[in-house]
Amino acid sequence: MKMLEAHNITKLFPGVVALDSVDVSFEPSEIHCIIGENGAGKSTLIKCLTGVYEPEEGEVLINGDDATKNKALFDKVAYVPQEIDLFGDMSVAENLFLPYKKSGIKGIVNQKELEKKAVPLLKKFRIPVKPDELVKDISVSSQQLLQIARATVHKEYEILMLDEPTTSLTTSDTQVLFEIIKRVKEENKAVIFISHKLEEIFALGDVLTVFRNGKKVAYAKLEEIDIPWVIKKMTGRELNQKQIFRSSKVSDEVLLEVNNLTGERFTNVSFTLKKGEILGFSGLVGAGRSELMQAIFGYLPIYSGEVKLDGEQWKLGDTNFSVKHGLIYLPEERKKQGILPVLSIKENISVSVLDELKNGISISKKKESDIARKVINTYDIKTPDADKAIQFLSGGNQQKVIIGRSMCCDPKVLVFDEPTKGIDVGTKAEIYRLMKELAEEKGIGIILISSEMEEIKKCSNRIIALYEGKKVGEYDSQEDKEVILSAIIGVNS
Ligand SMILES: Nc1ncnc2c1ncn2[C@@H]1O[C@H](COP(=O)(O)OP(=O)(O)OP(=O)(O)O)[C@@H](O)[C@H]1O
């Protein structure tokens, strides 16, 4: 029996067919994975399946009934969005049961009662927090698991839909999550799992649907296929997964020199970065990698130590100075820190070159459009035009706008913080190629922070390991993965 079905769904946006006559169905006791390049239409499908969007054509059936005519049926779908959307200033228990009515709690809400009800759920989802703790004080990993627990509080749910649930989870929390998902499946529910991580899909899923350019292009049992098959269906081409993207033009010239730097989450860190080099920073979530780079960029305070660029003392604590003089940080939290979501692609690009665009007291519209067009063409950004709001571009294309925008500032050092988070395998390779080109052709020094060991090994000329805010190793790119992994989990330190 099919629990959730979409028939012939078509969803249009200005200039884009986001979903093109899609048929897909989900069954109880089955983990159904969905994969597709950025912009393939996965999130749009989810929004149609949860009643957020009404498709131009087609119907959504839940247990055989038309949900577009009876919206209450959408209550059977528990949806966990990609971004964490909890209330930081409220307690764990409050977050779990909000909105109270939906989770079956009536009348005046008693905090102690809520906290009592929260205990078995926290246990089931193995979330190591207390019900009365504020959400802003618990780890990101716990927040992610809490968000999933919250989606299942609603008793009537029969379908659990997870959109990239592991992007902020540690490896061990991912294992916990997988066990929970398997238990949900055993409770006879349908599970929909969207992820860009192929290994996870093969470890967890029963069946897979592949999307490309708004169309469903393949469906298969996971036991009958392999990773190259999926990549081919997704991208329409073969992809050499073993390809290396290290810079082949590392100069002897030191570009950036960091000496004994200490700040809030890191202690006594020293390293150098050469012209044309890609320097990888490996470490677990919380190892202090982002904080170290944000401090060098001027966003966070530095307590002691010094930074030199091109042999000159670097001014600390001033992000404007950093951007103006060629040190740019591309943040991990693209949506929160990297883009101005409601502004257009053009405006997102021109914020970095406002001085150049000034024509007296106004902005030269022509120059602004010219620069935007150049960035769109150079970085092959897929969009109908430069006036589209950047929030509606896919993650990979947003990332390319950010890279293109940084290049307008003529950088010497670019810091990429988790540049491929939420990005599909094909676009990942494009971003790696871009980093390599920037290093080789423009002599830019690149710092790559990544939680993916494969990514670090593929792209970096040298690798630095951080553990609890301290540098615990420096390796060349040939070093064994196991040696680096031992360093970042604190073995021998
Ligand atoms: N609200 C919107 N307005 C305009 N265009 C949109 C909107 N939402 C999505 N799109 C466009 O529809 C297409 C499908 O986007 P969608 O977000 O569904 O892709 P996706 O597969 O979920 O991508 P990702 O892996 O990056 O999350 C893209 O071209 C996107 O730019």
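The structure is a predicted model, in which local features need pLDDT of at least 70 and side-chain atom pairs count only at pLDDT 80 or more, while totals for chains, interfaces and linings use all residues. Residues are numbered from 1 along each chain as its sequence is written.

The description begins with the two domains. The domain assignment divides the chain into domain 1 (4-235) and domain 2 (254-488); such bounds come from an automatic or database domain assignment. Between the C-alpha centres of domain 1 and domain 2 there is a distance of 31 Å. At their interface, 15 residues of domain 1 are in contact with 16 residues of domain 2, where contact requires C-beta atoms, placed from the backbone, to lie within 7 Å. On the side of domain 1 that touches domain 2, helix α7 (residues 227-235) supplies the largest share, three residues. That side of domain 1 consists of five nonpolar, seven polar and three charged residues. In this classification Ala, Val, Leu, Ile, Met, Phe, Trp, Tyr, Cys and Pro count as nonpolar, Asp, Glu, Lys and Arg as charged, and the others, Gly among them, as polar. Helices (H or I, at least four residues) and strands (E, at least two) are DSSP runs numbered from the N terminus.

The ligand itself is surrounded by 15 residues, of which the closest are F13, N38, S43, T44 and S394. The most comes from α1, with three residues. By class, the shell holds six nonpolar, eight polar and one charged residues.

Helix α3 (residues 111-124) may be considered next. Its 14 residues reach 21 Å from the first C-alpha to the last, close to the 20 Å expected at 1.5 Å a residue; the expected span is 1.5 Å times one less than the number of residues. At A118 in α3 there is a kink of about 30°, shortly before the proline P120. The bend at a residue is the angle between axes fitted to the seven residues ending there and the seven starting there. L114, A118 and L122 are the buried residues of α3, and what covers them includes α2 (92-97). An α-helix has 3.6 residues a turn, so residues three or four places apart point the same way.

Two loop residues other than glycine have a positive phi. R126, in the loop between α3 and α4 (140-151), has a phi near 45°. R126 is partly exposed, because 14 other C-beta atoms lie within 10 Å. N188, whose phi is near 75°, is placed in the loop between α5 (171-186) and β8 (190-194). N188 is exposed, since 10 other C-beta atoms lie within 10 Å. With C-beta atoms placed from the backbone, a residue is buried if 20 or more others lie within 10 Å of its own, exposed if 12 or fewer, and partly exposed in between.

I463 is buried, with 25 other C-beta atoms within 10 Å. Not counting residues up to four places away in sequence, I463 touches G280, S282, I456, Y475, S477, E479 and I484.

How values were computed:
Near = placed C-beta within 6 Å. Contact = placed C-beta atoms within 7 Å.
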